[in-house]
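Welcome! Here is a short briefing to read alongside the structure below.

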Amino acid sequence: MKQPLLSLVNINKYFGDFHVLKDISFDIEQGEFLTLLGPSGCGKTTLLRCIAGLESIHSGDILLNGSSIKDMAPNKRNVNTVFQNYALFPHLNVYDNIAYGPRVKKSMTEAELKERAANVLELVQMLGYEKRMPHQLSGGQRQRIAIARALINEPAILLLDEPLGALDLKLRKHMQTELAQLQKKTGTTFVYVTHDQEEALNMSDRIVVIDQGEVQQLGSPRDIYNNPVNLFVTTFIGDRNMMRVRVLETEATHSLVQFGENVVSIRNSGQHQLEVGREAVLAVHMDKMRVSCHEQPNALVGEVLSVHYSGSQIRIRVKVADRQITVVEYQKIDCECEKGDQVYVTWEDHGAILLPPEDGWAEGEV
Ligand code: ATP
């Protein structure tokens, strides 16, 4: 079997009494774009800093190509970090910023350095900016130089800690595409930290969802989006309507559930056993639902509370069984439904999922 590039093995980390990383284990493959995603304070940056060697771990191991690096100094680990605040040297021009690492390490001659610097500047589309000082660059350009400065060392892994966090929305979206392309072009393994689910879903080969220092799910963006393994991932990723339902029948792929007067067939998560007669949580992506004035099979019957148009999006709030659900449509709906109309709400099969309820979960909270 192919050896993973990096293995995190049962990592535990404390800040005083606070258990910040709890038994974290997963592998990172050569050449992948892997994102650590989770809410603020869940431990993403701490985990990245442990990989970089900027934080020590209390137990467990970190293996790079099968060898432990946990006791190795940061500059010996063959990993480089790009931070949100760029951390460029303000008194050095672009070229000297990029040349700084190799010069300190004495890892290349000045001639090699010149060639490599031109290569990485071309990669980040900043050739010709060598003489500029950092304050003469835009935020996006500074971020590109920070990435070029990390890439020149040809690290086995590039660690990126919310590198686009300081940019405005438009530039951030542009840089997301650029970064993903750059990663594929260089073949460098990227480990990327963000709390922004859209960013993670757009860029990554795989995503590790973390909550309170624990890995919740590891999978492809599609897997995480369509097949969340628990209620945390279900509520954290995507906008869903969450409904408490009763399980009437359950088979291999689908279950029959009751929500108010409605009895509908819903896809099982495949990860959990649902019990007949017990409650379950029905989670449906708002943008995978449709509203119709005409009777539909396998539908929830409800009453329109409001219809709101914003650009290409139509948000329709519908009352079903005393609960309010939201449907987001991107095309013209097949009826001009209005407040008070009776409608039939359907959904794409893969947009809905059934999960067992968890302690403390309350329908109204979502
Ligand atoms: P964000 O998205 O806000 O950057 P994060 O998921 O990266 O959050 P971390 O920075 O890893 O979170 O912090 C995890 C937890 O550890 C937080 O509760 C934080 O307050 C705490 N923490 C981080 N660094 C230290 C430290 N040096 N000493 C004590 N507690 C710390």
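At the start of helix α2, a side-chain oxygen of Asn93 comes to within 3.1 Å of the backbone nitrogen of Tyr95. This is a predicted model, where local features need pLDDT of at least 70 and side-chain atom pairs pLDDT 80 or more, while totals for chains, interfaces and linings use all residues. Residues are numbered from 1 along each chain as its sequence is written, and side-chain values use heavy atoms, leaving out hydrogens and water.

**Helix α2**
- Helices here are DSSP runs of H or I with at least four residues, and strands are runs of E with at least two, numbered from the N terminus.
- Helix α2 spans residues 94-105, and its buried residues (under 20% relative accessible area, 1.4 Å probe, protein chains only) are Val94, Tyr95, Asn97, Ile98, Ala99 and Pro102.
- Those buried residues pack against α3 (110-123) and α4 (139-151), with contact meaning heavy atoms within 4.5 Å.
- Just after α2, Lys106 has a positive phi of about 50°.

**Around the ligand**
- The side chain of Ser40 has an N or O atom 2.6 Å from a ligand oxygen.
- For Cys42, a backbone N or O atom lies 3.0 Å from an oxygen atom of the ligand.
- In the side chain of Thr45, an N or O atom is 2.7 Å from a ligand oxygen.
- On its own the ligand has 640 Å² of accessible area (Shrake-Rupley method, 1.4 Å probe), and the protein covers 58% of that.

Methods
Buried means under 20% relative accessible area, exposed over 50%, partly exposed in between (1.4 Å probe, protein chains only). A polar contact is a pair of N or O atoms within 3.5 Å; within protein, one must be able to donate a hydrogen and the other to accept it, and residues adjacent in sequence count only if both atoms are side-chain atoms.
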